[in-house]
Amino acid sequence: MLIFSIILSVLLVAAIIAATIYFKSPKFKGKRGERKVARKLGKNIADEKYVINNLIIQTENGSTSQIDHIVINRAGIWVIETKNYAGTIYGSSSQQDWTQVLAYGTVKNRFYNPVKQNASHAYHISKLLNDCPSVYSYVVFTGNADISNVNAENVCSLKELILTLKRFDQKILSKDELNFYYQKLNDLKNGNTITENEHVKNIIKTQNDIQSGICPRCGGSLILRNGKYSLFYGCSNYPHCKFTKNYEN
């Protein structure tokens with residue numbers, strides 16, 4: 001009986017430790033941020049607004065993209081990337097990586113530029129919808145992040161995102177287009193057979209492709225170009241594909 005109690009206590013402690021580690025993990029924090037955004041975006045309203053959360057699609061070159069949220073309304077199609085971060089965020093639209101600063105500057109974390117990340121998502125959604133021109137890319141920070149040092153368009157807080165969706169009242173899409181685009185994307189979501197584990201494997205493959213000089217967006221070649229301020233890698237299929245990567249000595 002004593003041995004059983006000891007084993008049970010050890011298992012209980014192990015479970016508490018595992019749960020604590022998971023709740024502090026970036027994956028859990030990311031999912032929590034996505035749920036928060038999904039709640040604020042609300043439910044579908046027939047002929048007015050449709051919301052699709054967590055859509056995984058297969059791209060033209062065989063890779064995958066995981067899109068946090070898509071809002072379809074009369075103003076267009078809003079492709080939204082969620083970042084549930086704290087601290088101070090530094091970055092610009094052209095930088096390859098952004099920086100998160102925590103603990104009064106003693107902790108610094110780098111992460112891939114979410115504007116570039118979501119631009120690829122918006123590009124693939126536009127292609128899936130027959131090159132729909134009314135596709136907008138937005139990055140929303142849901143944590144206590146200070147984004148005042150971010151120099152990039154369409155990067156905002158959750159409150160600002162909701163206000164933008166409400167204020168942007170131009171009726172660009174007809175009701176038929178609105179329903180057609182929603183039906184097509186919703187069918188993709190319901191018929192999706194790609195697991196998140198498979199998507200993670202595809203992310204690793206994409207990173208390897210970039211290192212090998214292959215454009216992750218369209219499969220073209222990455223060519224070294226001379227920009228206004230510095231060298232950079234651009235896709236050989238420009239201007240149809242505008243993917244870029246910083247040149248690092």
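The model is predicted, so local features need pLDDT of at least 70 and side-chain atom pairs count only at pLDDT 80 or more, while totals for chains, interfaces and linings use all residues. Residues are numbered from 1 along each chain as its sequence is written, and side-chain values use heavy atoms, with hydrogens and water left out. The secondary structure of the chain comes to six helices and twelve strands. Helices (H or I, at least four residues) and strands (E, at least two) are DSSP runs, numbered from the N terminus.

**The chain as a whole**

- Of the chain's 249 residues, 41% count as buried. Buried means under 20% relative accessible area, exposed means over 50%, and partly exposed lies in between (1.4 Å probe, protein chains only).
- The accessible surface of the chain is about 14,800 Å², and 54% of that surface belongs to carbon and sulfur atoms. Accessible areas come from the Shrake-Rupley method with a 1.4 Å probe; for residues, only the protein chains shown count as cover.
- Among contacts between residues at least 6 apart in sequence, 55% join residues at least 24 apart. Contact means heavy atoms within 4.5 Å.

**How strands sit together**

- Strand S1 (residues 49-58) is largely enclosed by the rest of the structure, because seven of its ten residues are buried.
- S1 runs antiparallel to strand S2 (residues 64-73), and nine bridges join them. Two strands pair if DSSP finds at least two bridges between them.
- Strand S4 (residues 88-92) and strand S5 (residues 97-102) run antiparallel, with three bridges between them. A hairpin of four residues leads from S4 to S5, and Thr88 stands opposite Val101 in S5.
- S4 also pairs with strand S8 (residues 146-151), in the parallel sense and over four bridges. Here Ser92 has Asn151 in S8 as its bridge partner.

**The second largest pocket**

- Rolling a probe the size of a water molecule over the atoms shows where empty space is left.
- The second largest pocket has a volume of about 420 Å³. Of the 17 residues that line this pocket, Ala119, Tyr123, Arg217, His240 and Lys242 are the closest to its centre.
- A pocket is found on a 1 Å grid over the protein atoms alone, as an open set of points where a 1.4 Å probe fits, with protein on both sides within 12 Å along at least five of seven lines; lining residues have an atom within 4 Å of a point. Grid points are joined across faces, edges and corners, and a volume is the space filled by probe spheres set on the points.
- Helix H3 (114-128) and strand S7 (135-141) each supply at least two lining residues of the second largest pocket. H3 gives the most, with six residues.
- By class, the lining of this pocket has eight nonpolar, four polar and five charged residues. Ala, Val, Leu, Ile, Met, Phe, Trp, Tyr, Cys and Pro count as nonpolar, Asp, Glu, Lys and Arg as charged, and the others, Gly among them, as polar.

**Single residues to look up**

- Ser126 is in helix H3 and is buried, with a relative accessible area of 15%. Leaving aside its neighbours within four places in sequence, Ser126 is in contact with Asp131, Cys132 and Val135.
- Pro216 lies in the loop between helix H6 (196-211) and strand S10 (222-226). Pro216 counts as buried because its relative accessibility is 12%. Pro216 and Ser63 are 153 residues apart in sequence, and their C-alpha atoms are 7.8 Å apart in space.
- Phe232 is in strand S11 (residues 231-235) and counts as partly exposed, at 24% relative accessibility. Its C-alpha atom is separated by 5.9 Å from that of Lys245, 13 residues apart along the chain.

**Backbone angles to notice**

- Most residues other than glycine have a negative phi, and most peptide bonds are trans.
- Asn54, in strand S1, has a positive phi of about 55° although it is not a glycine. Asn54 is partly exposed, at 27% relative accessibility.
- Asp131 has a positive phi too, near 60°, and lies in the loop between H3 and S7. Asp131 is partly exposed, with a relative accessible area of 47%.
- A cis peptide bond joins Tyr238 and Pro239, with omega about 10°. Pro239 lies in the loop between S11 and strand S12 (244-246).
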